[in-house]
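Please examine the structure shown below together with its sequence. The paragraphs that follow begin with charged side chains and then turn to other parts of the chain.

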Amino acid sequence: SWTACMTSIPEFLKSMVQIGPSLLPIDVLLSCVHSLLGYVQASVISVWLYVSSGGNHTFPSLSAFIQGLVKRTLITMPDVVSSSPVPSTASTFTLRKQNAAILAEKYTWKKRMGEYVSIGLFVLFISMTVYNLAGVITSLALPIIIIALFAGMVLADIYSGLVHWGADTWGGLETPFVGETFIRSFREHHVDPFRITMHDMVETNGDNCLTTLPILFLLALHTPKGDLGEIFVISFLCSTAIWISLTNQIHKWAHMRQAPGWINLLQNSHFLLSKKDHQLHHHTPFDRYYCITTGWLNPVLGSIGFWKRMENSISMLLGVKPRADDAVWTVQVTDKKE
């Protein structure tokens, strides 16, 4: 009856209080309220039908509604009702800040000296290569050079994705050679994404310049003969190296609240990595949209599950878990970093 139905409402509210807002996130609570309002609406309609039908209409079952609501909540939110300790939002933020400070302290003067050397050698080698190339360029080579410059942007984008994915997904600070140099900066960036906007030109671009030095060294020592195929290859590799060297600067612009106006124009036109696209990467667990030069290849690689397939293959072969170290630093797991 309607009277029995109404008397069970306090029991429903009591059960909701027992579940408690501290255990349920706000979206689940709103869903519960929405469901309750839907039941009230159905009950009002039932009253009208009951009166108009002369008492032949039955009311919706409140007890069935409560059981279904609670069952659905418990099934779809297992982590919420789990007894295992999960850091609150406030404690997660605090722990991430502490981890960010630890990682920032590991940026040493030796690392900075290496960055100065990397940038200096990059400028030297790229200048020698361009100077040698300029002596053999003809008007017939200009279309080839334009194509090579564009192709270099594409290769730099996929290169940035592979390096970014590798450093984010595998290894840790204890990894030989690259742990405290390359991987450290990737861990720091995930726990404090806006710290990169405070890095100067040297810290921002040193590592990227370093990765281009082997190929630029060979190009600087090479004397081109003027063959169109040779001009294309040299232009393509130079373009790739230049865009790789600029990748972290472009990445920094994607995190700045107020980037220069002309950079905003290039971002909004998707010529460079846009802020909106890059934010897709910064959703936990940081497992997508790794390309950070132009970002052109992110939708393509994402649509074919490229990164996930790579991870699964490596996990099967080596038995390692992707992003295990990153999950500790970003407090996705409860273990503490020593």
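In this predicted model, a search of the whole structure finds 12 salt bridges. Side chains of opposite charge can pair when their charged atoms come close. One of these pairs consists of Lys 111 and Glu 115, whose side chains meet at 2.7 Å, N to O. Both residues belong to helix α7, which covers residues 109-134, and they stand 4 residues apart, about one turn of the helix. Lys 111 and Glu 115 are both buried.

A second pair is found in helix α9. Here the side chains of Arg 184 and Glu 188 form a salt bridge of 3.3 Å, N to O. Because they lie 4 residues apart in helix α9 (residues 179-191), about one helical turn separates Glu 188 from Arg 184. Are these two partners buried or exposed? Glu 188 has a relative accessible area of 3% and is therefore buried, the limit being under 20%. Arg 184, with a relative accessible area of 2%, is likewise buried.

Asp 287 is buried, with a relative accessible area of 17%, whereas Arg 288 counts as partly exposed because its relative accessibility is 41%. Elsewhere, salt bridges that share partners link Lys 97, Arg 184, Glu 188, Asp 192 and Arg 195 into one network.

Asp 168 is placed in helix α8, residues 142-169. Apart from residues up to four places away in sequence, Asp 168 touches Phe 186, Arg 187, His 190, His 281, Phe 286, Tyr 290, Arg 323 and Asp 326.

Helix α8 also holds Gly 152. This glycine is buried, with a relative accessible area of 0%. When neighbours within four places in sequence are left aside, Gly 152 is in contact with Phe 236, Ser 239, Thr 240 and Trp 243. The C-alpha atom of Gly 152 is separated by 7.9 Å from that of Ala 241, although the two residues are 89 residues apart along the chain.

On the surface, Ile 215, Phe 217, Leu 218 and Leu 221 form a nonpolar patch, with about 390 Å² of accessible area together. Leu 221 lies in helix α10, residues 201-221. Because its relative accessible area is 58%, Leu 221 counts as exposed.

The protein as a whole contains 16 helices and 0 strands. Of its 338 residues, 38% are buried. Among contacts with a separation of 6 or more, 69% are between residues 24 or more positions apart. The protein exposes about 19,200 Å², and carbon and sulfur atoms supply 69% of that area.

How values were computed:
Residues are numbered from 1 along each chain as its sequence is written. This is a predicted model: local features need pLDDT of at least 70, side-chain atom pairs count only at pLDDT 80 or more; totals for chains, interfaces and linings use all residues. Side-chain values use heavy atoms; hydrogens and water are left out. A salt bridge is a side-chain nitrogen of Lys or Arg within 4 Å of a carboxyl oxygen of Asp or Glu. Helices (H or I, at least four residues) and strands (E, at least two) are DSSP runs, numbered from the N terminus. Buried means under 20% relative accessible area, exposed over 50%, partly exposed in between (1.4 Å probe, protein chains only). Patches are made of residues with over 30% relative accessible area and no salt bridge: like charges are joined within 9 Å, nonpolar side chains (Val, Leu, Ile, Met, Phe, Trp, Tyr) within 5 Å. Accessible areas come from the Shrake-Rupley method with a 1.4 Å probe; for residues, only the protein chains shown count as cover. Contact means heavy atoms within 4.5 Å.
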